[in-house]
Structure formats: structure tokens, C-alpha cells
Amino acid sequence: MSYGMLIILLIAMVGFTFWSTRQQKKQQQKVQEFRESLEPGTEVATVSGLLGTIESVDLDRDIVIINSEGSLSKWRIQAITEPPIIPAYVSDDEVDEEGNPLEDQADSLEQKELSPEESDSATK
């Protein structure tokens, strides 16, 4: 292996390390800005998976109170993250990307909406 290849490999390693450190700093800055912008009514999640809304924030003591379905709990601000984004197509009902019912479900919904007399006449 020549010195040229060794230098190229070393430059590539330093470049990758610099790029990865830069990405990590950007992500940490984004999380820090989110935590500093917390206010009552903001929807949040905790690192353990609790979902709820902020009831109060005490930035001096790094504590927030979260209301999760009527239950209040106190958390350190470091445990707070943005809530997950749940796409419209992930639900109990079968829907497409825009949230519209799929063809098979649309047909079954039409059948359910018909009265018993109409469904008998429709099947004959």
C-alpha cells in the first residue's frame, strides 16, 4: 500500500468523523430548541413512551408536568421529546395516504348504509 492511498484513507476517515459530529450537533440543537420552546398545551412524548400535553413548565428547575388522559405526572425536561408522527394510513380503518377509505371498505360501507329492504332489492 502506497503512502498516497494511506493519506486518502486518512482524509476520508477524518471527513466522515467531521460530518457525523456535525450531524449530531445539529440534532442536539434541534432537541434543545424544542425543549426551550415548551409551553402549556404542547403535545409531547417522553423517552419511555408516555404521550400527553404540557400542563406547566419550570425551566429553572428543568421540570414539566404532563397531562396524559387526565393523569398528571412530573418529568425532567431531558426526558421530553417530540411526539411521534402517525401517518393517516396507520389506523384501525383501511385508508389510503390521504385518509380516504380503500375501495373494498367503501363498498362495504355502502352496503351497511342501505336499509334491509334496499339491500334485499339491490341483491335481486
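This is a predicted model: local features need pLDDT of at least 70, side-chain atom pairs count only at pLDDT 80 or more; totals for chains, interfaces and linings use all residues.

1. In the hairpin of β3 and β4, two residues lie between the strands, and Glu69 there takes a positive phi near 55°. Glu69 is not a glycine, and its place is in the loop between β3 and β4. Most residues other than glycine have a negative phi. Glu69 is exposed, with a relative accessible area of 83%; the classes are buried for under 20%, exposed for over 50%, and partly exposed in between, with a 1.4 Å probe and protein chains only.

2. Residues are numbered from 1 along each chain as its sequence is written, and side-chain values use heavy atoms, with hydrogens and water left out.

3. Strands (E, at least two residues) and helices (H or I, at least four residues) are DSSP runs numbered from the N terminus, and two strands pair if DSSP finds at least two bridges between them. In general, strands of a sheet pair through backbone hydrogen bonds.

4. The pairing can be followed strand by strand. Strand β3 (residues 63-68) and β4 are joined in the antiparallel sense over six bridges, and Ile65 stands opposite Lys74 in β4. Five bridges join β2 to β3, again antiparallel. Across that pair, Ser56 stands opposite Ile65 in β3, and Ile54 has Ile66 in β3 as its bridge partner.

5. Strand β1 (residues 43-46) and strand β2 (residues 51-58) run antiparallel and are joined by three bridges; Glu43 stands opposite Thr53 in β2. These two strands form a hairpin with four residues between them, and Gly49 in its turn has a positive phi of about 110°.

6. The hairpin of β2 and β3 also has four residues between its strands. Asp62 lies in this loop and has a phi near 60°, a positive value in a residue other than glycine.

7. How many salt bridges does the model contain? The count comes to one, where a salt bridge is a side-chain nitrogen of Lys or Arg within 4 Å of a carboxyl oxygen of Asp or Glu. Arg61 forms it with Asp58, and the closest N and O atoms are 3.6 Å apart. Arg61 counts as exposed at 53% relative accessibility, whereas Asp58 is partly exposed at 25%.

8. A nonpolar surface patch is formed by Tyr3, Leu6, Ile7 and Ile11, with about 490 Å² of accessible area together. Patches are made of residues with over 30% relative accessible area and no salt bridge; like charges are joined within 9 Å and nonpolar side chains (Val, Leu, Ile, Met, Phe, Trp, Tyr) within 5 Å. Accessible areas come from the Shrake-Rupley method with a 1.4 Å probe, and for residues only the protein chains shown count as cover. Leu6 is found in helix α1 (residues 3-36) and is partly exposed, at 46% relative accessible area.
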